[in-house]
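I opened a new entry to look up how this chain is divided.

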Amino acid sequence: AVLMICPMNGYLEQELQKRFNLLRLWTAPQKPGFLDTHKNSIRAVVGTATAGADAQMIEALPNLEIVASFSVGLDKIDLGKCKEKGIRVTNTPDVLTDDVADLAIGLMLAVLRKLCESDRYVRSGKWKRGDFRLSRKFTGKSVGIIGLGRIGMAIAKRAEAFSCPISYYTRSQKSDVNYKYYPSVVELASNCQILVVACALTEETRHIINREVIDALGPEGVLINIGRGPHVDEPELVSALVEGRLGGAGLDVFEHEPEVPEKLFELENVVLLPHVGSGTVETRQAMADLVIGNLEAHFLNKPLLTPVV
Ligand code: 8YV
């Protein structure tokens, strides 16, 4: 059997149902009991960026062979445990890169040009009564990127088209790019106007955006997060925004999704999205096809399409 942890995509569910004995964990009234009942038949788990196979689930499924994630990020999967037990892991890289990078640029434009605030201004009828505060130019702003992998590079390329000088932070300097490298996040934040989080979430990158970084970005700076909520010390971010120590933020991810700090709802200089970086019809279908392709390859003893472990 193949176990889906949570609802993720109708097409994926339908296609898995056609091919496998599909079990849906979210429909079970008692999850531990459900896992126990089906523990011997479950050979594959399909999860998402927010619901992966943790140590407890892996331990509960003695015949688990593969975890196929409907995401590029794998921070919710216990990769160490999978390795130890010989469980294969796959993700959905590349197919979502363009969408996530597009959304990062969209957030930059939305925050600087006040797109959402302006839309609210029109809808509320305020346009008829008052004058609107000017926005800020995006073209030419310096963009600092944390993580220069597939998504970070795609953001850099797009920002270049807006004449933005690009700089970046990664653990070690890249030899194949001409962007300015800073060996620390604080230095990067001190030297850019828009700071983007585009790295994987690991123990090292948890709270990579802390008070020091936020203060280095400063009252004119803008933070864009299309990575993971826990990259940011969220209470620090909220107080910096409330106190005006940070200029603005465009956030697609949060520390405790779907919970979003309510103090942010009152601020005009933030744009809040419900984790939709990869959320287009086209890309979600391509991600689903990768999940299906990986599971089929595995059960036919063929090489996996996008193996991680
Ligand atoms: C998805 C993601 O939103 O790929 C990732 O790491 O965060 C997203 O593509 C998610 O997996 C779908 O629920």
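**Domains**

I looked up the distance first: the centres of domain 1 and domain 2, taken over C-alpha atoms, are 31 Å apart. The bounds come from an automatic or database domain assignment. Domain 1 covers 2–93 + 280–299, and domain 2 covers 97–272. I noted that this is a predicted model, where local features need pLDDT of at least 70, side-chain atom pairs count only at pLDDT 80 or more, and totals for chains, interfaces and linings use all residues. Residues are numbered from 1 along each chain as its sequence is written.

I then checked the contacts: 6 residues of domain 1 touch 6 residues of domain 2 (contact: C-beta atoms, placed from the backbone, within 7 Å).

**Sheet**

Which order do the strands of the open sheet have? I read β2-β1-β3-β4-β5, 5 strands with parallel pairing. Strands are DSSP runs of E, at least two residues, and helices are runs of H or I, at least four, numbered from the N terminus. Two strands pair if DSSP finds at least two bridges between them. β2 (22–24) and β5 (88–90) are at the edges with a single partner strand each, so one side of each has no neighbour in the sheet. I found 3 bridges between β4 (residues 66–69) and β5. Isoleucine 66 is opposite arginine 88 in β5.

**Ligand**

I listed the residues around the ligand; among them are Met8, Thr48, Phe70, His275 and Ser278 (near: C-beta atom, placed from the backbone, within 6 Å).

Technical notes: Two residues are in contact if their C-beta atoms, placed from the backbone, lie within 7 Å.
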